[in-house]
Amino acid sequence: MTNKENLLKGLVKENPLFVSVLGMCPSLAVSTSLENALGMGMGVLFVLVMSNLIISLIMSNEKLAALVKPVRIPVYIVVIATLVTIVEMVMHAFLISLYNSLGVFIPLIVVNCIILGRAEAFASSNKPLDSVLDGIGMALGFTAAIAIIAIFREFLGKGTITVWGNLVINLKGAFTFIGIEPIGMFVQPAGAFLSFGLILAAVVAIGNKRKEKLAKGAAK
Amino acid sequence: MNSGLKSGLVLLVLGIVCGTLLALVNSFTAPVIAEIEEAAQYDALKEFYYDIEDPNYENFVITSDYDIDKLEINEDGVEGIFVIKDKGSDIIDSLGYLVYANGYSGDAPVLMLIIVEEDMDVIGYKVVSHKETTGFGADIVDNDFNVSSLIDLSGFDGVAGTTLTSNAILECFNIVAGRAGDDFGGGLDD
């Protein structure tokens, strides 16, 4: 696999959220605004890239890998938990409003299946550079997916899109135009499942159409 | 050496390295976090000394109108006391108590700011931090608990279904009621 393929596979082909359906708990919980989604994405990017790099470095050394193999899951957890705690402390100190919005979902990055999954399935058996590229691609794919859900939910639920801090795009005019109020349910937990289901259905439909087109092209 | 023992040692070394790294990061984030928490407490104080509806509210700095000393206490449920005096005056205008009591989330107590005057009238109160359950206890922390004086707390309005959180808040008022008289009477000088 080339470096480019390694980087890009996480964005669409193996998107952790829309294809593998991993890491759903934080995705549904924090996608009430685009700002929260981007904040969570940044946290996951840092943790995923660094954990992939560290685990790959450890496992690239044959002698060390032999020693670590029997205790590899505790080793992954220690590395990931350390990185998540660093993210939590830095966010608490320098991004307090984001820290308060994300709340308990920052420490829960430790048990995000995407991070542990990539450590075991990819970083432990690939070179450090490949692992870093895989981490960047997967984290960007996760961020893009969670951002799409957040935009969908925030627009329908509040009629706004909070990009960052005070930068809020007000789209309430669209609701005024059709004569209804924003549908508050979309920023509630039930709205999270509904939004995710609708977006996933759309992604699968687009994927199927594409496959059909490719199959037709091959038949001709 | 037994290979299991060697693996355990590797894990131990990794734990030490990670612990050291966390201590290093903590050494430069902890002071910033402490500053933020103190600023949040001063912001909470500001709400009771300036009209929140006023357009200049954001620019109002409470220390420009009042002299405020914070006493670190950390005993009997009291974390600290803000001694608030009019600018340049020696007479205490009011005392702001940072008090805590255990609610539903036992490990993280409910921390309240309660501001009282010498006649035991309550100027205001606010839950500064808590980790009560979202959808239950967390929803009542901004309630009006019908407390305007510490002389008689029998009118306290608890909320059914969130007994432990309500009790923690009542306990905070009781702590202040138990010591505010002494503190205004010179107890703080000790």
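At what angle do the axes of helix H3 (residues 34–60) of chain A and helix H8 (residues 128–158) of chain A cross? In this predicted model, local features need a pLDDT of at least 70 and side-chain atom pairs count only at pLDDT 80 or more, whereas totals for chains, interfaces and linings use all residues. Residues are numbered from 1 along each chain as its sequence is written, and chains are lettered from A, with ligands numbered from 1, in the order in which they are written.

The axes of H3(A) and H8(A), taken as lines fitted to C-alpha atoms over the stretch in contact, with angles from 0 to 180 degrees between N-to-C directions, come within 8 Å and cross at roughly 165°. The two helices H3(A) and H8(A) are therefore roughly antiparallel to each other, a term that applies to angles over 145 degrees. By class, the contact of H3(A) with H8(A) has 20 nonpolar, eight polar and two charged residues, where Ala, Val, Leu, Ile, Met, Phe, Trp, Tyr, Cys and Pro count as nonpolar, Asp, Glu, Lys and Arg as charged, and the others, Gly among them, as polar.

Chain A contains 10 helices and two strands, these being DSSP runs (H or I, at least four residues, for helices; E, at least two, for strands) numbered from the N terminus. Of its 220 residues, 39% count as buried, that is, 20 or more other C-beta atoms, placed from the backbone, lie within 10 Å of their own, while a residue with 12 or fewer is exposed and one in between is partly exposed.

Helix H5 (residues 72–94) of chain A has 23 residues, which at 1.5 Å a residue should span 33 Å, and its end C-alpha atoms are 33 Å apart, which agrees. The buried residues of H5(A), among them A:Val75, A:Leu83 and A:Met91, pack against H3, helix H4 (62–68), helix H6 (96–102) and helix H7 (113–121) of chain A together with helix H1 (3–46) of chain B.

Between the chains, 16 residues of chain B are in contact with 15 residues of chain A, contact meaning that the C-beta atoms of two residues, placed from the backbone, lie within 7 Å.

In chain B, B:Met120 has a positive phi of about 70° although it is not a glycine. B:Met120 is found in the loop between strand S4 (110–116) and strand S5 (122–129) of chain B, and, with 16 C-beta neighbours inside 10 Å, B:Met120 counts as partly exposed.

Terms used. Parallel < 35°, antiparallel > 145°, perpendicular 65-115°, else oblique. Expected span 1.5 Å × (residues − 1).
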